[in-house]
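Keep the sequence and the model side by side.

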Amino acid sequence: MKDSVIKKFSVKEFDSELFTPFTISSGSHRSLENVLFTLEAAGGVKGFGEAAIATHITGETRARTVKSLRRAGELLAGRDAANYLGAMCVLEGALDGNRAALAAAQMAVLDLATRLQGVPLYKFFGGKAPRLKTDITVVIGGAAAAYDFTLKMRRGGFRIFKVKTGSDMDEDFRRLEAVKKAAPGCAIYLDANCAYGAREAERFINDLARRGIRPEVLEQPVPKDDIGGLAYLSRRLPMPVCADESAYSLDDVFNLIRKKAVTAVNIKLTKLGFLRAREVWALARASGIKLMMGEMLESELASAAAAHFAGGLGGFDFIDLDTPFFIKDSGMRGASFLSKDGVYSLDRVKAGIGVVPGAGR
Ligand SMILES: [Mg+2]
């Protein structure tokens with residue numbers, strides 16, 4: 001048997017505590033509850049993928065994702081990782097209804113293929129930008145908590161603060177003023193996770209401007225199907241309006257761009273898988289809209305995979321790959337190329353994604 005033929009797979013749930021609940025307007029993660037997918041080739045080389053479960057955002061459950069990944073393993077067993085594209089295409093159809101599983105399975109295929117090839121994953125994607133610095137998220141909570149967190153993270157070297165809004169507007173004003181006070185001169189991104197109507201979002205941005213706060217990007221201000229609302233805000237607001245929940249598939253993004261509804265799009269591998277994510281990147285680049293690389297609540301493994309994707313292709317305006325900083329101990333090893341102030345130095349990775357599950361994972 002050729003040493004690149006996939007011989008074994010495993011599917012394992014893994015949990016970790018968080019330093020603080022990751023709360024957004026549509027719900028909350030109180031802990032990390034993801035799924036690890038491992039492929040092993042006949043020669044002993046392994047590839048790893050991580051499925052991020054975000055039921056309050058995608059509706060996908062862990063039980064279903066485990067089942068989908070077992071199916072993925074059965075489909076991949078006996079296939080030659082040398083034809084990684086063929087393997088990824090098989091997964092596209094089979095796991096279309098469970099994108100977290102699709103992303104994890106394709107991640108493991110690509111990790112295995114690039115380990116066999118002896119190249120880091122970002123080089124496989126083009127090697128454009130080996131160093132990326134992430135923003136850090138200020139989750140929904142009180143103004144005092146926002147101030148303390150922002151101050152701590154700014155002292156720790158973070159310079160871009162992505163503030164989650166949309167649960168209480170008056171509290172959000174206080175939170176944003178607290179962030180501005182704790183990190184003067186730093187950039188602010190806003191993410192409302194579908195919370196507003198279009199006119200309400202416009203009022204919110206105008207009221208913020210009166211307080212001297214001008215976010216660099218406004219992400220998903222309106223519900224995911226409110227394409228008209230996105231288009232209205234894209235015409236009226238000075239900053240890019242970025243689709244996240246509205247951009248869950250390739251055809252979503254195709255239509256958003258065609259209708260001139262957005263001026264930025266958030267690419268997450270967990271929404272799209274790797275193949276469609278690359279197509280979204282190409283569509284966005286062709287039409288001149290801005291790009292954010294995002295993620296769900298993911299450990300260093302999936303976060304680094306997303307960093308390789310964005311760093312390899314290049315052209316990303318906003319990097320939002322900060323969730324490892326919310327996880328106490330994911331059990332992942334090898335991620336020393338991610339610094340404490342949020343810089344992914346992908347040029348320090350020798351092969352594949354560069355992150356492996358530690359013993360006991
Ligand atoms: Mg978002």
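**Cysteines, metal and pockets**

The disulfide count comes to zero. This is a predicted model, and the count rests on a simple rule: two cysteine sulfur atoms must lie within 2.5 Å. Take Cys 194. Its closest cysteine sulfur belongs to Cys 242, 12 Å away, so the two are too far apart for a bond. Cys 194 is partly exposed, at a relative accessible area of 23%. Cys 89 is also partly exposed, and its relative accessible area is 43%.

Now turn to the metal. Which protein residues are donors of the magnesium ion? They are Asp 191, Glu 219 and Asp 244. Along the sequence, the donor residues follow the spacing D-x27-E-x24-D. Look at the pair formed by Glu 219 and Asp 244, which links distant parts of the chain. Glu 219 sits in strand 8, residues 217-219. Asp 244 is in the loop between strand 9 (241-243) and helix 10 (250-258). The two are 25 residues apart. Are they buried or exposed? Both Glu 219 and Asp 244 are buried.

The largest pocket has a volume of about 490 Å³. Its lining has 19 residues, and the closest to the centre are Phe 19, Pro 324, Phe 325, Ile 327 and Lys 340. Strand 1 (6-24) and helix 6 (143-155) each supply at least two lining residues. Helix 6 gives the most, with three residues. What is the make-up of this lining, nonpolar, polar or charged? It divides into 12 nonpolar, three polar and four charged residues.

The second largest pocket has a volume of about 280 Å³. Here 16 residues form the lining. Closest to the centre are Lys 224, Glu 245, Ser 246, Tyr 248 and Asp 252. Helix 1 (55-58) and helix 10 are the elements that give two or more residues to this lining. Helix 10 has the largest share, three residues. By type, the lining of the second largest pocket has five nonpolar, three polar and eight charged residues.

Technical notes:
Residues are numbered from 1 along each chain as its sequence is written. This is a predicted model: local features need pLDDT of at least 70, side-chain atom pairs count only at pLDDT 80 or more; totals for chains, interfaces and linings use all residues. Side-chain values use heavy atoms; hydrogens and water are left out. Donors are N, O and S atoms within 2.8 Å of the metal (3.2 Å for Na, K and Ca); water is not among the atoms, so sites may look incomplete. Helices (H or I, at least four residues) and strands (E, at least two) are DSSP runs, numbered from the N terminus. Buried means under 20% relative accessible area, exposed over 50%, partly exposed in between (1.4 Å probe, protein chains only). On a 1 Å grid over the protein atoms alone, a cavity is a set of points where a 1.4 Å probe fits but cannot get out, and a pocket is an open set with protein on both sides within 12 Å along at least five of seven lines; lining residues have an atom within 4 Å of a point. Grid points are joined across faces, edges and corners, and a volume is the space filled by probe spheres set on the points. Ala, Val, Leu, Ile, Met, Phe, Trp, Tyr, Cys and Pro count as nonpolar, Asp, Glu, Lys and Arg as charged, and the others, Gly among them, as polar.
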